[in-house]
Amino acid sequence: MASNVNPTVRRRRLGQELRRLRELKGMTAEEVAERLLVSQSKISRLENGRRSISQRDVRDLCGVYEVEDQRIVDSLMQMAKDSRQQGWWHAFGDIPYSVYIGLETDAESLRTYEPQIITGLLQTRSYAEALIQGALPETPVADVEKRVQVRIRRQERISAENNPLRLWVVLDEACLHRMVGSRQVMREQLEHVAEMSQLPHITVQVLPFDVGAHPGINGQYSILEFTDTADSSVVYIEGVTSDLYLEKAQDVQKYTVMYEHLRAQALNVEQSRQRIEDVAKEYAR
């Protein structure tokens with residue numbers, strides 16, 4: 001069972017259930033924190049799934065919420081136990097964006113906008129190596145390789161035979177012209193994107209320069225959606241020192257509308273593939 005458990009998703013689902021129980025009780029996070037003699041921020045972190053939760057925490061919270069059905073308590077305790085197990089990514093040590101990897105591993109679909117680089121799930125090894133070395137110039141070679149290995153492992157989600165991740169990518173045209181590594185690296189990378197875009201579950205569109213100002217002008221973001229209706233969609237915005245996860249319905253809706261505008265303004269699928277192939281040929285000269 002443990003091998004099939006995604007700790008990130010377990011923490012998220014558990015947090016949602018704990019929030020639901022608190023709201024049913026009509027209590028604020030501050031009131032719960034006062035009862036348990038802990039900080040309000042701890043209660044908030046437990047509910048948003050960003051913090052590991054112990055079975056003792058669950059027991060204490062169920063006591064505060066006066067949960068009388070032992071089956072519910074046992075179920076939540078099991079979720080807490082599962083949430084403390086390790087996902088495949090933990091084998092690579094401390095990964096800064098491990099929460100995101102956990103969500104991506106369990107997602108049904110991913111929509112992403114990239115203004116500067118080819119999205120990670122479509123990167124070749126050579127491109128990923130050059131990109132990480134350039135973005136993190138003081139990173140030891142061994143750590144660069146570890147990050148590359150994690151990136152390649154993540155790509156198993158789009159190459160899986162059963163239930164592959166449905167991926168929709170909008171690439172700003174700048175992604176095609178920003179030379180990462182050598183001309184050969186770029187040619188191979190763009191040829192790879194063009195090839196992957198022919199798979200039925202992968203869609204790639206290019207947002208041309210002549211569009212001008214557009215809804216994605218403020219930067220990269222991704223929208224993750226899940227099969228289980230209990231899991232709300234998540235907007236992920238990558239940062240330098242910390243990442244942002246938006247789960248409120250109004251936030252997700254706003255970014256979803258923005259993404260629809262980006263898709264409408266981008267070249268269609270065939271035009272995008274042709275643009276990518278044309279630029280790849282330029283790197284071969």
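What share of the 285 residues in the chain is buried?

1. Burial. Buried residues account for 46% of the chain's 285 residues. The cut-off for buried is under 20% relative accessible area. The accessible surface of the chain is about 14800 Å². Carbon and sulfur atoms contribute 47% of that surface.

2. Confidence. This is a predicted model. The chain's pLDDT averages 88, and 94% of the residues score at least 70. Confidence is highest in β3, at 98. It is lowest in helix α1 (residues 7–25), where the mean is 82.

3. Overall build. The chain holds 13 helices and six strands. Its C-alpha atoms fill a box of roughly 70 × 40 × 35 Å along the principal axes. Take the contacts in the chain with a separation of 6 or more: 74% of them join residues 24 or more positions apart.

4. The sheet. Six strands form an open sheet with mixed pairing. Read across, the order is β3-β2-β1-β4-β5-β6. At the edges sit β3 (202–207) and β6 (244–246), each pairing on one side only. On average, neighbouring strands of this sheet are turned by 15° against each other, direction ignored.

5. One pair in detail. Strand β1 covers residues 109–114, and strand β2 covers residues 166–172. The two pair in the parallel sense over six bridges. Leu110 stands opposite Leu167 in β2. In general, strands of a sheet pair through backbone hydrogen bonds.

Definitions and conventions
Residues numbered from 1 in each chain as written. Predicted model: local features only at pLDDT ≥ 70, side-chain atom pairs only at ≥ 80, totals over all residues. Heavy atoms only, no water. Pairing = 2+ DSSP bridges. Helix = DSSP H or I, 4+ residues; strand = E, 2+ residues; numbered from the N terminus. Axes fitted to C-alpha atoms, helices over the stretch in contact; angles between N-to-C directions. pLDDT = per-residue confidence, 0-100. Buried < 20%, exposed > 50% of the residue type's maximum accessible area, 1.4 Å probe, protein only. Contact = heavy atoms within 4.5 Å. Areas by Shrake-Rupley, 256 points an atom, 1.4 Å probe, with all protein chains shown as cover.
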